[in-house]
Amino acid sequence: RVSRTLGPRFLGCAPVLARLPLARHLHLEAEDERSATQVLHQLLQGNKRYMDQKVDGKQSEDRYSQNVLVEKFIERPLTKSKVKAVVCADAHSLHVASLFDQAPGELAVMRVMGTAISPEDAMVGSVEFLVEQQSPSILLVLSQSKNHVVECAVRLTMLRAGRKDAPQLPEEVTTEDLCIVKHVLPAAHDALLERPQGSFETLCRLASQLNMWNSIQALLQSSKLIADQVATGNLQLHGAYMNKDTGKVQFLGQHPSEASLLSARPSAEAMRTAEDPPIPSEEALASLVVGNKRYVAGLGGKVILHDDNVRLQLSQQGQNPVAVVVGCADSRAPVEILFDMRPGDLFVLRNAGNTVTSGTCNIIGSAEYAVKHLGCKLVIVMGHTQCGAVTAALDTALAGQAADDRTNIGKVLAEIMSSAETAAQNLPKSDKANQLILATKLNVHETMKKMIQSSHILSTSIVEMDLQIHGAVYDLFSGNVEWLCQPK
């Protein structure tokens, strides 16, 4: 982890900004004033002004009139907005723009408890959006003293190590069972390894800084966009530590192992593995809907799968599909392609007519495995237009015959016969094409019904709101997937 590469000497290093040239000796164009070096210098000088005002007991001047602010924030559709820096700070931090004495709109600020950023959370995506849309030259991860999450993690680590001097924190701070505290525990543990006899305050300061480096590492290792911007020099990623009592910010520079982290940049399309959290059913369904839209628009198949790291991830880290899809074996309905999904994204079960038997069934058992052991929150039963199995069942029903269940093919048709007969009865005067469409949809609903009635695992998960099951029909001609209502 980060502390293994830092060593104690790094944490006490002098601020890198001591070597920066003074702005008053420079005559810069507007673009140069937003270079990384100058932005860092402006943040440093702004923090000094903030501390001077705090010491003198003065209120920060209102340097920006209402007209200036209106002009600053007026929408300009043809002009891409830019900020000096994106700052990731703690949710309980001081007002960041005031801390650096910057005008409104010059800093984009993201806040999260403990300044804790992990590869699977929304902070990474939010930072990516700001970096891409507002073109900052600096991305600053700001840790701080008196951080409740860090304090709780350090106290818990001290107690586990047998330290009797671990303080008793206020009741509102002792949230040791929260996931955010567990996320910071590695940094607290490493801080104790660095300073075995360190005081609680020393360990909190060290853990806060180590957690900041872990957050920077998460950004570089999980975001190709951020890593590419840093590698090309368009963006600098820095860490800083703020004393909450004084407001003084210590700029700690770039990650000490940045070069090695950038040498193994993440792929543009990271594969889902067993190490990733489960996808909620609504999000999984949305990904399938959007994927089919890409396929229909001719924008599917853009994922490059020739990366050795991708194959390594899939082979060694296990599978974690977003959904189970029960589909037809028809070669014209390739499930992963029509949803524009990647290897590892879907748990696909296919047979002729996308059917299941009312009793014991391999399809149902396989779906149960995906739900119970792989954590799938969504099951899709998908038929398709011009299905051969449904057509054969409909022809048999229109002829007034029954499926011959003495043969294997007949047993397949027998599971579809009730849907075919209902379609023929409901549309007696319609043409066969319309009857076939109805029979296909009824067969999807019948399969969903049988899966729920025949599986305690699936039915219980649905009742507990931990699983959704949806029906769909794929149009062979248009490529569109029509979504049917859920079973009642």
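This is a predicted model: local features need pLDDT of at least 70, side-chain atom pairs count only at pLDDT 80 or more; totals for chains, interfaces and linings use all residues.
## Helix 11, checked for length

The expected span of a helix is 1.5 Å times one less than its number of residues. Helix 11 runs over residues 281-296, so its 16 residues should span 22 Å, and the 23 Å between its end C-alpha atoms agrees with that. Helices here are DSSP runs of H or I with at least four residues, strands are E runs of at least two, and both are numbered from the N terminus.

Residues are numbered from 1 along each chain as its sequence is written, and side-chain values use heavy atoms, with hydrogens and water left out.

Which residues of helix 11 are buried? They are S281, A284, L285, L288, G291 and N292. Buried means under 20% relative accessible area, exposed means over 50%, and partly exposed is in between, using a 1.4 Å probe and protein chains only.

The cover over those buried residues includes strand 6 (323-328), helix 13 (335-338), strand 7 (346-351), strand 8 (378-384), strand 9 (468-474) and strand 10 (481-484). On the face turned away from the buried side sit the exposed residues E282 and K293. Just past the end of helix 11, G298 has a positive phi of about 80°.

## Two helix pairs

Now for helix 7 (residues 179-194) and helix 8 (residues 200-222): their axes come within 8 Å and cross at roughly 125°. Axes are lines fitted to C-alpha atoms, for helices over the stretch in contact, and angles run from 0 to 180 degrees between N-to-C directions. Helix 7 and helix 8 are therefore oblique to each other (under 35 degrees is roughly parallel, over 145 roughly antiparallel, 65 to 115 roughly perpendicular, and the rest oblique).

Helix 17 (residues 417-426) packs on helix 18 (residues 432-454) at about 140°, with the axes 8 Å apart. Contact means heavy atoms within 4.5 Å; S418, S419, A420, T422, A423, A424 and N426 of helix 17 meet Q435, L438, A439, L442, N443 and E446 of helix 18. Helix 18 has 23 residues and reaches 32 Å from first C-alpha to last, close to the 33 Å expected. Its buried residues include Q435, A439 and N443.

## Two buried residues

F100 lies in the loop between helix 4 (96-99) and strand 2 (107-112). Its relative accessibility is 0%, so F100 counts as buried. Its C-alpha atom is 5.3 Å from that of L43, 57 residues away along the chain.

H238 is in strand 4 (residues 236-242) and counts as buried because its relative accessibility is 5%. Beyond neighbours within four places in sequence, H238 contacts L40, I138, L139, L140, V141, I216, G253 and Q254.

## The whole chain

The chain has 19 helices and ten strands, and 46% of its 488 residues are buried. Among contacts between residues at least 6 apart in sequence, 72% join residues at least 24 apart.
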